[in-house]
Amino acid sequence: MQVILSQHAKQRCSTRAIKNKHIELALQYGTIKRSQGKKVYALLQKDMIELMGDNAVNHQELKKLNSFVVVCDNNDIITAYNARTKKIKKLLRSNPRGLNQ
């Protein structure tokens, strides 16, 4: 998937030391949810297990990616951040299995 970081996303990623690799991993392995018309990719505990199984990241990166969230509008990345677990649970509460149409 071809993704484009918005100016806001570039600034946030720079401030938060988020690498492009982290965004790519979230898009590939993350649980998908729609929220306010946007796609939200969240790396949850179950996604971490898959990342470890595929040897996609080392242990140090794995810790950083736990509860990592990427928000997209079409193929544009709007923002990325490390969320509190409580916030992610609230986001996924309505549809815990993934994409909400």
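Visitor: Which residues does His22 touch, not counting residues up to four places away in sequence?

Guide: This is a predicted model, and what follows is read from its coordinates. His22 lies in helix H2, and at 2% relative accessibility it counts as buried, the limit for that class being under 20%. Leaving aside residues up to four places away in sequence, the residues touched by His22 are Glu61, Lys64, Leu65 and Phe68.

Visitor: How many salt bridges does the count come to?

Guide: Besides the pair of Lys21 and Glu61, the side chains of Lys38 and Asp73 meet at 4.0 Å, N to O. That pair links distant parts of the chain, with Lys38 in strand E3 and Asp73 in strand E4, 35 residues apart. Asp47 and Lys46 also meet in a salt bridge, at 3.4 Å, and the count comes to three.

Visitor: Are Lys38 and Asp73 buried or partly exposed, and what is the class of Asp47?

Guide: Lys38 has 27% relative accessibility and counts as partly exposed, and Asp73, with a relative accessible area of 30%, is partly exposed as well. For Asp47 the relative accessible area is 3%, and because buried means under 20%, the class of Asp47 is buried.

Visitor: In what order do the strands stand in the sheet?

Guide: Two bridges join strand E1 (residues 4-5) to strand E5 (residues 76-82), and these run parallel, while six bridges join E4 to E5, which run antiparallel. Five bridges join E2 to E3, also running antiparallel. The sheet is open and has five strands with mixed pairing, in the order E1-E5-E4-E3-E2.

Visitor: Which strands stand at the edges, and why is one side of each left without a neighbour in the sheet?

Guide: A strand at the edge has a single partner strand, so one side of it is left without a neighbour in the sheet. The strands to which this applies are E1 and E2, the latter covering residues 31-35.

Visitor: Which residue in the turn between E4 and E5 has a positive phi?

Guide: E4 and E5 form a hairpin with two residues between them. In that turn a positive phi of about 60 degrees belongs to Asn74.

Visitor: Where does Leu44 lie, and how far from Asn66 is it in space?

Guide: Leu44 lies in the loop between strand E3 (38-42) and helix H3 (45-53), and at 16% relative accessibility it counts as buried. Leu44 and Asn66 are 22 residues apart in sequence, and their C-alpha to C-alpha distance is 6.4 Å.

Visitor: How do the elements of the protein run from the N terminus on?

Guide: The secondary structure comes to five helices and five strands, and buried residues make up 41% of the 101 residues. Residues 24 or more positions apart account for 58% of the contacts with a separation of 6 or more. From the N terminus on, the elements run β-α-α-β-β-α-α-β-β-α.

Visitor: Over which residues does pLDDT stay under 50?

Guide: The mean pLDDT of the protein is 82, and 82% of its residues reach 70 or more. Where pLDDT is low, the predicted coordinates should not be read in detail. The model has ten contacts beyond four places in sequence for the stretch where pLDDT stays under 50, which is residues 96-101.

Conventions:
Residues numbered from 1 in each chain as written. Predicted model: local features only at pLDDT ≥ 70, side-chain atom pairs only at ≥ 80, totals over all residues. Heavy atoms only, no water. Helix = DSSP H or I, 4+ residues; strand = E, 2+ residues; numbered from the N terminus. Buried < 20%, exposed > 50% of the residue type's maximum accessible area, 1.4 Å probe, protein only. pLDDT = per-residue confidence, 0-100. Contact = heavy atoms within 4.5 Å. Pairing = 2+ DSSP bridges.
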